[in-house]
Amino acid sequence: MNHWLILPILLPAIVAPLLALALRHDLIMTRTFSIGSMVLLVLLGGYLTAMASDGATRTYALGEWGGPVGIVLVLDRLAAVMLLLTATLGLGIAIYSLSGCDKAGPHFHPLLQFQLMGLNGAFLTGDLFNLFVFFEILLIASYGLMVHGGGAARVRAGLQYVMINLVGSSIFLIGLGLIYGVTGTLNMADFAVKAKQIAAADSALLQTGIALLVAVFGIKAAVVPLHFWLPGTYANAAGPVAALFAIMTKVGAYALIRVFTLCHGDAAGGAADWFASGWLVWGGVATLIVGTIGIVGARSLNQQASFAGLASMGTLLIAIGGFTPALGSAAIYYLIHSTLAVAALFLVIDMIIRRRTGFGDALVAAPRFVHGGLIAATFFVIAIAVIGLPPLSGFIGKLLILSALAGQTSGGEGGGGVAGWPWLWGVILVTSLLALIGFAFSGTLVFWRRPSDKPAETASPPIVVPMVAVGWLLACMVLMTLLAGPATDYFDQTAGQLFRPQGYLEATLGEAAAGGGS
Amino acid sequence: MSLLLIVLLPFLGAVLPALMIRSGRDACAISAASINLLALVLLLTHAPAVFRGESPRVLWRWVEPLGLNLSLHIDGLGLLFAALILGIGLLVVIYSRFYLGRGEAVGNFYTYLLLFQGAMVGIVLSNNVLLLLVFWELTSLASFLLIGFWGHTSQGRQGARMALAVTGSGGLALIAGMLLVGRVVGSYELTEILASGDTLRQSPQYRWALGLILIGCFTKSAQFPFHFWLPHAMAAPTPVSAYLHSATMVKAGVFLLARMWPVMSGTQEWFDIVTSVGLITMLIGAVIALFQEDLKGLLAYSTVSHLGLMTMLLGISTPMAAAGCVLHIINHAAFKASLFMNAGIIDHETGTRDLGRLGGLLKWMPITAGLAMIAAASMAGLPPMGGFLSKEWMLEEAAHTKLWGADWTLPLLVTVAAIFSFAYSLRYVRGVFFGPRRDDSTTPHDPKAGLWLAPAVLAALAIAFGLFPEAMLGEVVRTTTRGLVGGAEPKFELALWHGPNMALAMSLFAVVLGSLAIVAYRPVRRVWRQIPLPEGRAIFDWALRLLSGTTRAINELLHGGSLRLYLTTMLTAVLAMGGWAFYRHEFGRGMRPLLEVGWVEGAVWGLLMIACGLVVVFHRQRLVAVVAIGAIGLVVSLAFVRLSAPDLAITQIAVEVVTLILMLLALYFLPKRLRAEQEPGGGLGRALVSIACGLTVGWLGFATMTRDFESIAGEYWRRSLPEGGGANVVNVIIVDFRGFDTYGEIMVLGIAALIIFGLISGMMRGQLRGALARWTSGESYSPSRHPLLMVVVTRLMLPLSLIVAAYLFVRGHQMPGGGFIAALVVSIALIMQYMASGFGWAEDQISFDYHALIGGGALVAGATGIAAMALGHPFLTSGFGHFHLPLLGDVELASAMAFDLGVFLTVVGGVMLALAQLSNLGECTRDGATKSEPMDYPHTSGQGGTSREGRD
Amino acid sequence: MEWLVAAAIATLTASGVYLILAQRTYTIVIGLGLLTYATNLFLFATGRLAVNAPPIVGDPQAPHTDPIPQALVLTAIVISFGMTALTLVMAVRGYFESGGDDVDLLGPEEEVAKERR
């Protein structure tokens, strides 16, 4: 029995209550355990990624029932990569929080652990309703983190965030109801199989149910016009929390990829129909444009970073929506990069805010502040990564997407290009330019422009710990750049695995039920 | 290998100066210089091979599927440019040491400089166009930092941003162009691209690729209409202007034109566009330069003009013209860099670069003047300077090239350009060193050798190139041209004197008219000022203002923070998606027979309708709303009873009670009467969306309910009792089949409780505590807060309900009940104590730590699962049937029950923590002075208290 | 019966949505509550309706309803209970923080004020 699969969920699920129960009055122990569990999760993620690299799909039948009766965890390359990414990010956030923001309110570390539990569960589960449960876990943990530290604007933004997501949860349940009501199952693989066998008279209901799921994942992934929760939330959350939320949108992206690659491959299983129609590409375009407009027109650094996050989702969604293996591979690369980059951006902005007393992140000239040079350099590098200029992974990611859009990536399964790729090229490149202009403006304003009258700021918060956290994320991006070759190989194989869902189906249901080759 | 080292050295070395900031200017300068020198030496070791006609190359695979490889090579063209970059770089490093003042961040300066140098070398040595793109963008970024070196000045910031925006946009166009090229050729390796010129020129994408690549080159090399950024980049320290904006970076565009020359040139499009753009740029630059008042401005526009010249020569597409371009690149690098440094010296010594305030410096600064005259002469194209050769060459080429369908246009226009370029060169010398001194405030003098050494070297070269062209440049130009045209270079000998020819005549003509222009400068300038011209800078700024204005407006419009707008949009979108999916697929009505309706159901249903109506209409009277909600909850649980869902019914009713208590507690703090909503359009849209949602969901529900289907339920029926050990299938599902869901669900409850705790305890600290203490509900409540009867009843109820709970808990696995319901019953009983007997009293009696309950519960549930793992089964495997003990019947449910116990604990803990905190909050307000004895006496409160609404 | 349930779901959804499109936190919380009822009923109904057929294993001949949706709804009820509680407390906290029960975000100038604090 391969217990490795449950650990990414179990570890935080044990550590978190422990922190809340026993250690909540002992900061040192809390921090030690929190960091320790993060480190273990990173190692675990690495191990699982290595384990999955053999191309086999591993399953873990909770309660020994096995699908479709019981709940099944499924580990394939994509899930493993997402676990590793989540842990990597989580470690960075945990380290950064040591610089004091975990003391702004109670239960920061338990909530962080719960958040990771929810994320890991969402990545591992092979059951639709269980996915809902883990969505709720990661959401409620995120509600807590969102309002961590309090403040009028933050709590209001938090309320909006909660309310929008509660509506989302209702939609999720209705969609689930429809799907169960037609296919009579909740197991993803089983659903993928049954979806192809339902009576024609039921297909409309099934498709509506799928549509509602798409909508929910779309809300998570902040597809315009379902994105409205994102700017306010990111811009008002505490720095490290906003950084952690960089992964939240990716959960939606992951769910989209997962569900639709499973249903893909057979015309009758009209779920893939959603992608055949290529709507997501244009949703991505809209997202990219709205996000870029936001970057240029932002009034504060955090707002700008939020919209940068939105824009990166746009690029990612274009790649996912194109739905070719080559694009899938590029999408995974860019997903990882953008998560790390946006998170690092929020962290460095938080460092700025804590030094510009009285000015916060408002885009106005403020006095020179402590460690200005170092922070400016860091901001510069991260901004470059976010915009997607060389030399960091952002550039490679965008190149991968661009060339895959035109169907000229040699690697992977190849696959043709996407209709209208010249337009998509145009959009991606022009938005990159606008983002460049936006960040050039804010950067020069914050770091170069000085009001003549005011004296230099003297506030000198800790620099080492935050820099370690940011450095960790940066180091990962550098690694992504240097090892782009091996990485893209892995992702090509990942995309290949996703586009041949038979393996997944057989692993969860067994040869017979999976119903032959699709 | 050493090729890679040449590129890497500056990047690695860039760290040194940054580290040495503390150790002073010399340390920084020396470290930078030595790195630079090392790279130069390494480069020169390759020279012999290149002159022999070989082109060494190295290749490391990087991103296979993309075709992006770390592949470098060096040929004539690359060698020349690399030599320029590193050679002039060295001079600039030395010059900067003496130019920059003590206060400046010299360390950063050299770091940026080396970064730029590395990127630049990378461009010229790349053998993979994607790699070239990487370095290309890096030069833009590095130049952004260098131009913004004095970022505290607004010119510095604007110049930097403008340069970045223009060259950056070019870079992005270039990306698209190169990707297209790769698409056609099937590889990004330069050598392969160069080999497949015909394929490219004939492909339908040629025009697109050409256009995009040209945009890249023109923006970088400040060609018309992108020329306007270069003069503004002069806000940079002068060494930067000398290095980036005359000698190297702006030549990157020319370099790329030259690099692509073999594959792209020769077509009509290439000739027309490149030649014309070059020519126009050359003219405009020269003309504007003449009327500049700022020395660096004059030099900047002259640079624009000379870059135009080079572009034009490449456009002409003959090998000879290309050779001329190469020659001019060398000469221009020498004299222009020298002149910039010269202007720097003048600025440094006199404190101004304004031609209006300079003059007569000859006798004060003889050396500077001498150097300036040599360099300027070369710029003006006078013999015996190097500039003369290349200008003659250019005129010669122009003289017999046909442009715009006439063979006189090109010769004529280049002559005009030559006139102006002679004129502004003359003006520089005359304006600075001759005539009266206009500004006597300072007594300028020649600087230390350190400062004039670099320009002196370059000036010397400028003469040497002219006097011994063949010896100094002959081989270089031929080798470079060979690399440029890719193959057989034209045969030629460099010589100062070609005898009387067309070109010479044009030069003489230019000199004469140019001198006249200077003699009659003022009237000429008056004429010039009459001409209205569009100013590139103004247009650029206008565009930026427009951009930021519109984007801000859109942001405010879309993300102004109105939740109603957000939700309306989102719901509409979701409805649209659902509808789209529904109508694109086949739908058949369900055939399942309907259940008949008795009058009871009808009545209950009516109650529900009324309740809903009440809520919607009277939702602003909060108590009505709460009561209606209660009614609705009741109806729902009745429905569950009727529709064979006992567990749901019990749970629903229990949850209902707790929720209502919570709502009442929360209401106590929320404003007493809700202000009316603003209803744009009378709330019509709002109503429409709501009704649409209602109808959709209702219809979907009906459609589902009325059709038969196959579900996995059968499995559960068969296996529940034998394998799950429970008759109550729902409960078996909850704690066993899908126990993992329940595990997650109690986590959610626990987390919610923790957050609530955090939120409220946060309110009882910090500035909120004050607000809380001042706060009063502003209403008077029943004077007897803890009525005797209620106290007694609740006390009696407590043990009773505990027993009920225990019963529910135990039987849960067989009949309706279970841990969750039991927990709610217990919680309700406890809450009763709080409500009846007061917070303080209850707190004293009930001494649980609710945190411990939550954490403990979660851990117990987890431990149950892990126990199974210890026994070698998956997480949460039910203990049933796994312990082979004699009295199996008793312990068969052990593990499932333990799990349920975990649920129980967490739920009690969660609910109680939340409620206790809320009532705790009440105690912190003015109304709530803690009453510890159970039956206290009337206590009137709050009348005079300023309510919170009053203050805000 | 199906008609009644469907109508109930529709009414609950409609009134719920109408209330969450309000601007006062408390109203929205109520609306979310109604929406939850609707959702749970819907989810429950996807198991089809049955009378006098409790999901208790007894006489195999006896009719029985589909237990799965019931189990799901049970989980959903618990989760939504936690969410409701949290939202209520957040509403209270927000009211004390900003002195209003408005749900719309603060404008830019208020943001600046926040930063100045």
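## Chain B against chain A

Three salt bridges cross the interface of chain B and chain A. The model is predicted. One cross-chain salt bridge joins the side chains of A:Arg299 and B:Glu556, at 2.9 Å from N to O. There are also 25 residue pairs in polar contact between chain B and chain A, both residues of each pair at pLDDT 80 or more. On the side of chain B that touches chain A, helix α32 of chain B (residues 739-763) gives the largest share, 15 residues. That side divides by class into 62 nonpolar, 29 polar and 20 charged residues.

How many residues of chain B are in contact with chain A? The count is 111 residues of chain B, against 119 residues of chain A. About 10100 Å² is buried between chain B and chain A. Carbon and sulfur atoms give 76% of that area. Within chain B, the residues that lose the most area to chain A are B:Pro65, B:Met570 and B:Phe740. Together they make up 7% of what that side buries.

## Chain B against chain C

Here the contact takes 115 residues from chain B and 83 residues from chain C. The two chains bury about 9100 Å² between them, with 76% of it on carbon and sulfur atoms. Which three residues supply more of the area that chain B buries against chain C than any other three? They are B:Leu643, B:Met705 and B:Trp717, with 8%.

Zero salt bridges are counted between chain B and chain C. Polar contacts do occur: 16 residue pairs across this interface, both residues at pLDDT 80 or more. The side of chain B that touches chain C has 70 nonpolar, 24 polar and 21 charged residues.

## Salt bridges in detail

Over all chains, the count comes to 28 salt bridges. One pair crosses between chains, from A:Arg299 to B:Glu556. A:Arg299 sits in the loop between α13 (279-297) and α14 (301-322) of chain A. B:Glu556 sits in helix α24 (residues 536-558) of chain B. A:Arg299 has 35% relative accessibility, so it counts as partly exposed. B:Glu556, with a relative accessible area of 33%, is partly exposed.

Within chain B, the side chains of B:Glu269 and B:Arg207 meet in a salt bridge of 3.0 Å, N to O. B:Glu269 belongs to helix α14 (residues 268-290) of chain B, and B:Arg207 to helix α10 (residues 206-220) of chain B, so this pair ties together parts that are 62 residues apart in sequence. Is B:Arg207 buried or exposed? B:Arg207 is exposed, because its relative accessible area is 59% and the cut-off for exposed is over 50%. B:Glu269 counts as partly exposed at 22%.

Another salt bridge pairs B:Arg353 with B:Asp347, their closest N and O atoms being 3.5 Å apart. B:Arg353 is partly exposed at 22%. B:Asp347 has 18% relative accessibility, and buried means under 20%, so B:Asp347 counts as buried. A network of salt bridges with shared partners joins A:Asp127, B:Arg738 and B:Asp741.

Helix α6 of chain A covers residues 152-183, 32 residues in total. At 1.5 Å a residue, the helix should span 46 Å. Its end C-alpha atoms are 46 Å apart, which agrees. Why is α6(A) described as largely enclosed by the rest of the structure? Because 32 of its 32 residues are buried. Just after α6(A) comes A:Gly184, with a positive phi of about 70 degrees.

Key: Residues numbered from 1 in each chain as written. Chains lettered and ligands numbered in written order. Heavy atoms only, no water. Contact = heavy atoms within 4.5 Å. Buried area = accessible area lost by both parts, 1.4 Å probe. Salt bridge = Lys/Arg side-chain N within 4 Å of Asp/Glu carboxyl O. Polar contact = N/O pair within 3.5 Å; in protein donor to acceptor, adjacent residues only side chain to side chain. Nonpolar A, V, L, I, M, F, W, Y, C, P; charged D, E, K, R; others polar. Helix = DSSP H or I, 4+ residues; strand = E, 2+ residues; numbered from the N terminus. Expected span 1.5 Å × (residues − 1). Buried < 20%, exposed > 50% of the residue type's maximum accessible area, 1.4 Å probe, protein only.
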